[in-house]
Amino acid sequence: MGGQIFLHSAPGRGSHFWLTLPLEIHDRSAGFAAWNNILQGKKIAYTACNEANAQVLHRYFSYLGCKYKRFMSSITLAESLTKTESDGNAWDLIIISAGRKSPCPTELMQNIKTMQSHPKILFLHELSQYHQFKNQMTETFDGFLSRPINFERLTNKILEILDDDKPSSTPALVDETTI
């Protein structure tokens, strides 16, 4: 492979190992080109349970061409939903990313379901919680996606949920136990 292995050791002080490998840098932009602006014109609001998840979602949405906004809590999201609906600028999709120890924000999701604009809801949570939340699918949210997520899984799930040909009472569901 053309790399090198290095060692530095001193009695009583320990050893340090490191290596070098020449790796090619691939231009990943061509792979994302097929997804560019696939959600143009859609508006997505999201909460993220931590900064790392927020950065991943932000990066994904920037490729997809949609308008998006992060809300720091369910409370600020709920306030915005009321305001944007009264202004006629309702969100198309709400993504709620909950942490491992976070409960499902059922009350928030039920309030969203009663809104006149009928935004869709995608719930991101741990795979271990899938069976617990599966029963709430139809009345509480439109789709569930377990972490870790990747660009293609997230995009396909969003497209599935936003498919206007499907009635909103039919949940977009992938059996996460097979993934």
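**Briefing: contacts, strands and helices in a predicted model**

Apart from its neighbours within four places in sequence, leucine 81 is in contact with Trp91, Ile94, Ile112 and Met115, where contact means heavy atoms within 4.5 Å. This is a predicted model, in which local features need pLDDT of at least 70, side-chain atom pairs count only at pLDDT 80 or more, and totals for chains, interfaces and linings use all residues. Residues are numbered from 1 along each chain as its sequence is written, and side-chain values use heavy atoms, with hydrogens and water left out.

**Overall make-up**

- The chain holds seven helices and seven strands; helices (H or I, at least four residues) and strands (E, at least two) are DSSP runs, numbered from the N terminus.
- Read from the N terminus, the order of elements is β-β-α-β-α-β-α-β-α-β-α-α-β-α.
- Of the 179 residues, 37% count as buried (buried means under 20% relative accessible area, exposed over 50%, partly exposed in between, with a 1.4 Å probe and protein chains only).
- Among contacts with a separation of 6 or more, 60% are made by residues 24 or more positions apart.

**Leucine 81**

- Leucine 81 belongs to helix α3 (residues 74-87).
- With a relative accessible area of 3%, leucine 81 is buried.
- Isoleucine 112 is 31 residues away from leucine 81 in sequence, and the C-alpha to C-alpha distance is 7.9 Å.

- Strands β1 (residues 4-10) and β2 (residues 14-20) pair in the antiparallel sense through seven bridges; two strands pair if DSSP finds at least two bridges between them.
- Phenylalanine 6 is placed opposite tryptophan 18 of β2.
- Three residues lie between the strands of this hairpin, and glycine 12 takes a positive phi near 75°.
- Glycine 3 sits in the segment before β1 and is partly exposed, at 37% relative accessible area.
- Between glycine 3 and leucine 21, which are 18 residues apart along the chain, the C-alpha separation is 4.3 Å.

**Strands β3 and β5**

- β3 and β5 run parallel and are joined by four bridges, with alanine 45 opposite isoleucine 94 in β5.
- Strand β5 (residues 93-97) is largely enclosed by the rest of the structure, because five of its five residues are buried.
- In a regular strand the side chains alternate between the two faces of the sheet.
- Threonine 47 is part of strand β3 (residues 43-47) and counts as buried at 6% relative accessibility.
- Beyond its neighbours within four places in sequence, threonine 47 is in contact with Phe71, Ser73, Ser74, Leu77, Ile95, Ile96 and Ser97.

**Helices α2 and α7**

- The axes of α2 (residues 51-64) and α7 (residues 151-162) come within 11 Å and cross at roughly 60°; axes are lines fitted to C-alpha atoms, for helices over the stretch in contact, and angles run from 0 to 180 degrees between N-to-C directions.
- The two helices, α2 and α7, are therefore oblique to each other (angles under 35 degrees count as roughly parallel, over 145 as roughly antiparallel, 65 to 115 as roughly perpendicular and the rest as oblique).
- Leu57, Tyr60, Phe61, Tyr63 and Leu64 of α2 meet Phe151, Leu154, Thr155 and Ile158 of α7.
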